Amino acid sequence: MTIAEESESTTQEAPERSEAPIAGASAEAPEAPIAGASAEAPEAPIAGGIVGTDDRVRSRDSAVLRMSEAEVGELSLDPSHELGESKMLINMGPSHPSTHGVLRLMLELEGETVLRSKPVIGYLHTGMEKTGEQLTYLQGCTNVTRMDYASPLFTELAFSLAVESLLELEVPERATWIRMLMCELNRMSSHLLFMATNGMDLGAVSMMIYGWRERELILRFFEKVTGLRMNHNYIRPGGVAADLPDGWAEDVIEFCDIIEPRLEEYDILMTGQPIWRERLQGVGVLNEAECLALGVTGPLLRASGSSWDLRRDMPYLAYDQVDFDVLVGSYGDSFDRYAIRLNEIRESMRIVRQCVEHMPAGDYRAQDKKVTPPPRARIDESMEALIHHFKIFTEGYKVPAGEAYAAVESPRGELGVYIVSDGSSTPYRMHVRAPSFVNLQSLPHLMEGGLIADAVAVISSVDPIMGEVDR
Amino acid sequence: MSDDVAAEADDSGETASPEVEIEVERLYGAPVTEAFGQRALFPSLDTYLELCAELASQGFGQVVDLCVVDYLQYDRTDLPATVAPERFEVVVNLISHTRRERIRVRLQVADGVEVPSLFDIYPGTEAMEREAFDMFGVVFSDHPDMSRVLMPEEWVGYPLRKDYEIGRIPVQFKGAPSQR
């Protein structure tokens with residue numbers, strides 16, 4: 001199993017595939033019993049991608065159990081149902097320790113093998129897109145930050161970018177770099193959370209403690225900067241809510257220095273472990289064509305060998321000014337997805353260190369009086385500033401009519417926000433393209449033909465956040 | 001804000017003058033607009049599938065997003081002159097990895113009209129179309145599983161429609177003893 005690294009400067013035409021020693025490139029090709037994914041290494045997949053067709057996901061009678069909950073409920077009660085005696089319909093979740101929140105799965109089983117399945121979602125649906133239509137653009141971030149609760153800053157960022165493109169607002173350089181620093185830290189904390197839950201799901205229970213321990217260091221820093229550990233409402237249209245506190249650089253370097261050697265420990269604990277590999281290699285394989293057809297993005301897509309990362313391929317913020325590698329997998333299985341996330345923590349750390357080094361001086365938010373509230377000190381001395389502050393926080397600011405879509409690479413894939421403005425101070429329509437929601441479609445295809453025990457590994461490796469799926 | 005709206009209205013007014021033959025810019029056979037550096041295509045209901053198939057063959061290999069907007073309470077001014085506005089708009093965001101560009105397809109749909117499903121071209125739209133149906137009641141024909149996805153199966157109404165009132169369902173806390 002290898003993780004090929006592709007350097008940032010390398011173009012799609014000439015990927016330099018080198019064996020990276022970090023991901024423990026020792027074992028040979030895994031057996032891939034599922035869905036006939038080839039067990040051999042794809043010899044020269046130029047421009048990435050495991051060779052294969054997407055017929056499996058295009059078929060209408062594929063692995064997806066296209067039945068309503070009521071139908072499945074009836075069938076499962078009837079022992080002589082039409083599916084045949086050897087088949088069983090079973091329900092998993094919504095309250096199951098390994099379903100990461102309230103994901104419910106309807107599974108069709110034959111023995112211990114999963115045949116068809118269907119994710120049943122919506123248990124966390126609170127109509128956040130409808131709520132978004134009632135809140136001003138200033139309040140909007142408070143709402144969207146609650147969607148993906150493991151990486152809240154990314155939704156705030158996508159929302160802010162969409163609003164800023166409608167406002168045609170320039171964000172100061174420092175604000176851009178602060179955003180980048182915070183987002184990469186958030187990617188680290190999100191992937192560390194994945195390490196913890198993935199470990200726990202597969203029986204490496206001590207990993208849960210370690211993952212949470214490292215994540216805690218980052219969350220403490222977030223608390224120092226934003227005031228909150230989650231749901232920060234820190235990135236706002238026009239910049240960020242507050243400047244970085246004194247001594248932030250030392251803090252960041254300090255915990256990066258702590259986490260870095262601990263990632264090596266993860267390698268010892270998991271990456272090289274025969275049991276760990278046995279549980280993940282060849283489990284839940286998806287090739288590149290299938291990923292593209294299903295709209296899958298993020299680590300799942302990269303695991304299939306497709307080298308696509310919005311940070312490099314459609315740069316936003318200042319990602320074109322930092323140096324990092326886009327990691328791609330070779331087999332598209334759960335192990336690749338794990339290894340990619342583990343190494344993305346290292347890449348994010350590289351970006352974070354560069355942010356610390358290059359953090360420009362200047363303002364942390366745009367000085368556009370229409371969007372930016374006046375500084376706190378001005379309110380004490382100027383009546384106009386007080387009125388200005390009051391108007392911005394009660395009425396909000398008006399955004400020119402139009403529609404815009406902004407996307408960022410969240411830890412789970414492409415996270416997009418589509419805003420339609422009618423010229424008032426609240427969005428006419430605010431839609432969030434949630435990567436978890438779309439990635440979840442791949443679940444039936446990943447689990448098809450595998451064992452129930454593997455289903456747990458697969459759900460974990462898709463890493464869905466149900467707050468974002470259901471919105 | 002009102003200035004901006006007026007400015008946009010002026011732009012579209014130029015092309016819509018009645019004496020001249022209406023000429024709009026086209027791309028892949030559909031009228032195209034560009035705003036904030038993002039392009040949008042406006043097919044008709046008949047050319048919608050054709051256009052998406054054409055885009056797929058042009059390298060737009062992934063539908064990243066499909067959503068619906070209900071324009072019941074807002075007369076937008078950013079449509080090309082030849083496109084008649086309807087109540088709903090299906091918005092499809094496509095991406096091309098090889099060309100590194102995005103394009104948006106905006107389809108006008110009247111209430112009660114069925115839209116052909118993109119499932120056969122882009123299977124990934126299955127969940128997105130289900131969500132669009134769930135929230136707006138836009139039905140996609142030839143979809144493999146046109147059912148609700150986020151709301152309960154037996155739910156009545158389409159929550160994200162503009163005429164679906166918020167707060168219409170009173171919140172009840174069962175089992176909470178009354179103080180009075």
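What share of the 471 residues in chain A is made up of buried residues? In this predicted model, buried residues account for 54% of the chain, which is built from 19 helices and 11 strands. Among the contacts in chain A between residues at least 6 apart in sequence, 70% join residues at least 24 apart.

The crossing in which α6(A) passes α13(A) is left-handed. On the side of α6(A), the residues making this contact include W177(A), M180(A), L181(A), L185(A), M188(A) and F194(A), while those on α13(A) include Y338(A), L342(A), I345(A), M349(A) and V352(A). Sorted by class, the contact of α6(A) with α13(A) has 15 nonpolar, four polar and four charged residues.

Helix α13(A) also packs with helix α8 (residues 248-271) of chain A, at an angle of about 160° and with the two axes 11 Å apart. These helices, α8(A) and α13(A), are therefore roughly antiparallel to each other, and α8(A) passes α13(A) in a left-handed crossing. Among the residues of α8(A) that take part are A249(A), V252(A), I253(A), C256(A) and L263(A), and they belong to a set that meets residues of α13(A) including A339(A), L342(A), I345(A), M349(A) and V352(A). The class composition of the contact of α8(A) with α13(A) is 12 nonpolar, one polar and three charged residues.

From the helices we can turn to a sheet. Three strands of chain A form an open sheet in the order β9-β10-β11, with antiparallel pairing. Strands β9 (402-410) and β11 (429-433) of chain A stand at the edges, and because each has a single partner strand, one side of each is left without a neighbour in the sheet. From one strand to the next the twist averages 10°. Strands of a sheet pair through backbone hydrogen bonds, in either a parallel or an antiparallel arrangement. The pairing of β10(A) with β11(A) is antiparallel and runs over five bridges, and V417(A) stands opposite V432(A), a residue of β11(A). Helix α5 (residues 152-167) of chain A packs on the sheet, where it touches β9, β10 and β11 of chain A, and its direction makes about 150° with that of β9(A).

Another strand, β4 (residues 104-110) of chain A, holds L109(A). This residue has 18 C-beta neighbours inside 10 Å and therefore counts as partly exposed, given that a buried residue needs 20 or more. Leaving aside residues up to four places away in sequence, L109(A) touches K87(A), M88(A), I90(A), V114(A), L115(A) and I452(A). S86(A) lies 23 residues from L109(A) in sequence, with a C-alpha to C-alpha separation of 8.4 Å in space.

In the interface, 43 residues of chain A are in contact with 36 residues of chain B. The largest share of the side of chain A that touches chain B, four residues, comes from strand β10 (residues 413-421) of chain A, a strand that also belongs to the open sheet with the order β9-β10-β11. By class, this side of chain A has 18 nonpolar, 12 polar and 13 charged residues.

Conventions:
Residues are numbered from 1 along each chain as its sequence is written. Chains are lettered from A and ligands numbered from 1 in the order in which they are written. This is a predicted model: local features need pLDDT of at least 70, side-chain atom pairs count only at pLDDT 80 or more; totals for chains, interfaces and linings use all residues. Two residues are in contact if their C-beta atoms, placed from the backbone, lie within 7 Å. Helices (H or I, at least four residues) and strands (E, at least two) are DSSP runs, numbered from the N terminus. Ala, Val, Leu, Ile, Met, Phe, Trp, Tyr, Cys and Pro count as nonpolar, Asp, Glu, Lys and Arg as charged, and the others, Gly among them, as polar. A crossing is left-handed if the near helix is turned anticlockwise from the far one by less than a right angle, and right-handed if clockwise. Axes are lines fitted to C-alpha atoms, for helices over the stretch in contact, and angles run from 0 to 180 degrees between N-to-C directions. Angles under 35 degrees count as roughly parallel, over 145 as roughly antiparallel, 65 to 115 as roughly perpendicular and the rest as oblique. A residue is buried if 20 or more other C-beta atoms lie within 10 Å of its own, exposed if 12 or fewer, and partly exposed in between; C-beta atoms are placed from the backbone. Two strands pair if DSSP finds at least two bridges between them.
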